[in-house]
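Here is a short briefing on helix packing, cores, a sheet and ring pairs. Look over the sequence and the model before reading on.

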Amino acid sequence: MLIQGKPSTTIWPDPHGEGVFILDQTRLPHVVAPVLLRDLGDAAKAIKDMWVRGAPLIGVTAAYGVALAMRQEAADAFLHRAVEVLRATRPTAVNLNWALARMLAFLGQMPEELRRDAALVMAKKMAADDIACNEAIGEHGLALIRAAREKRGGAPVRILTHCNAGWLATVDWGTATAPIYKAQAAGVDLHVFVDETRPRNQGASLTAFELGQQNVPHTLIVDNAGGHLMQQGEVDLVLVGADRIAANGDACNKIGTYLKALAAKDCGVPFYVAAPVSTFDFSLTEGRLIPIEERAQEEVTYISGAAANGEVVTVLLAPKTTPARNPGFDVTPARLVSGIVTEKGVFAADKEALAALNSAK
């Protein structure tokens, strides 16, 4: 995808071998700031403090984190310590555990002296696999957008999305945005309604940023406007991502997704989840078993943005003494999901259909 007209990815190895570069997403859209991660501690901080976010990108960053750890020390004890340090950073995104398990299995079966180079090779492969996976999600999701255009008689397809499941949440292409970018490339007219996505405003700061960089027509809306637009017949399709999907199709995503699914169901608007197979947790029979991350209350009581002079500032929204709850995610029941778009195709959100997907992994 593009930043200021130049092809970019969200994470890439330093060509001089000093570490791995990421984009500090906490500074977007006002500042595009690459940050060099040099060691395990840097990688853990980048994930925990949401310099990188989005389940697929968290997983790839964790893989690179293990590779950075192997540059420090390649012994078994340090390998296992690195995995546990990274595992503790974000409890909800299943891609984190998936990536760490893959790195541990790969490195655990080889001599310590080979791990430094092998870990980096494996992390690079996982990054490349993520790009290919998301592009495939885009191809399968494109069919849904084409179908919506036919239903509209060729008029622009109006898509609503929540949070950021774009290329900034992956290595490239994105999950929920991949079909949008494929549709744009195919000449399908469309317009995207972007939820601001409180409390961290990933829609306003990230999705709007990347759609703007790609010249995709879009409009930012407050979180609570989506239901109204659906009632007015202004939304043809809802496309969201996921951080973890249970075996029965219950999908965990950024807080507020459940409310969009309820509104879509009531208004007869198709509601699709786009996610790679690595986001499925087939060990969980249903969504209520997914751990929901409780984040700091300051994310709710404060907000950051650019002042008139361009300086990025943080201001207090609520009375100083007011406490806040900040669950980071909610679970959308499978009964509200029209389908799940994966790199393997579009699957019904039920355990029988997904069992076939599991067996085909």
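**Helix packing**

α4 and α5 pass each other in a right-handed crossing. Keep in mind that this is a predicted model. The two axes, those of α4 and α5, cross at roughly 145 degrees and come within 10 Å.

- On the α4 side, the residues that meet α5 are W98, A99, R102, M103, F106, L107 and G108.
- Their counterparts in α5 are R115, A118, A119, M122, A123, K125, M126 and D129.
- L107 touches R115, A118 and A119, and also V66, M70 and L79, leaving aside residues up to four places away in sequence.

**Nonpolar cores**

- The largest nonpolar core holds 43 residues.
- Within this core, the residues with the most contacts are I11, V66, M70, L86, M103 and L107.
- Two or more residues each come from β4 (20-23), α1 (40-48), α2 (55-72), α3 (76-87), α4 (94-108) and α5 (112-151).
- α2 supplies the largest share of this core, with twelve residues.
- A second core is separate and has 34 residues, among them L23, A178, L190 and L237.

**Sheet**

- Four strands form an open sheet in the order β13-β10-β11-β16.
- Pairing in this sheet is mixed.
- β13 (280-281) and β16 (329-332) are the edge strands, and each pairs on one side only.
- β11 (residues 251-254) pairs with β16 in the antiparallel sense, over four bridges.
- Opposite N253 stands D330 of β16.

**Aromatic pairs**

- A pair of aromatic rings is described by two values, the distance of the centres and the angle of the planes.
- Searching the whole structure gives two aromatic pairs.
- W12 and F21 have ring centres 5.7 Å apart and planes at 20 degrees, so this pair is stacked.
- F280 and F282 are also stacked, because their planes lie at 10 degrees, with ring centres 5.4 Å apart.
- The cut-off behind both calls is that planes under 30 degrees apart count as stacked.
- Is W12 buried, partly exposed or exposed? W12 counts as partly exposed, because its relative accessibility is 27%.
- F280 has 5% relative accessibility, so F280 counts as buried.
- Buried here means under 20% relative accessible area.

Note on methods: Residues are numbered from 1 along each chain as its sequence is written. This is a predicted model: local features need pLDDT of at least 70, side-chain atom pairs count only at pLDDT 80 or more; totals for chains, interfaces and linings use all residues. Side-chain values use heavy atoms; hydrogens and water are left out. Rings of Phe, Tyr and Trp (its six-membered ring) pair if their centres lie within 6.5 Å; planes under 30 degrees apart count as stacked, over 60 as edge-to-face and the rest as tilted. Buried means under 20% relative accessible area, exposed over 50%, partly exposed in between (1.4 Å probe, protein chains only). A nonpolar core is a set of buried Ala, Val, Leu, Ile, Met, Phe, Trp, Tyr and Cys residues joined through side-chain atoms within 4.5 Å. Contact means heavy atoms within 4.5 Å. Two strands pair if DSSP finds at least two bridges between them. Axes are lines fitted to C-alpha atoms, for helices over the stretch in contact, and angles run from 0 to 180 degrees between N-to-C directions. A crossing is left-handed if the near helix is turned anticlockwise from the far one by less than a right angle, and right-handed if clockwise.
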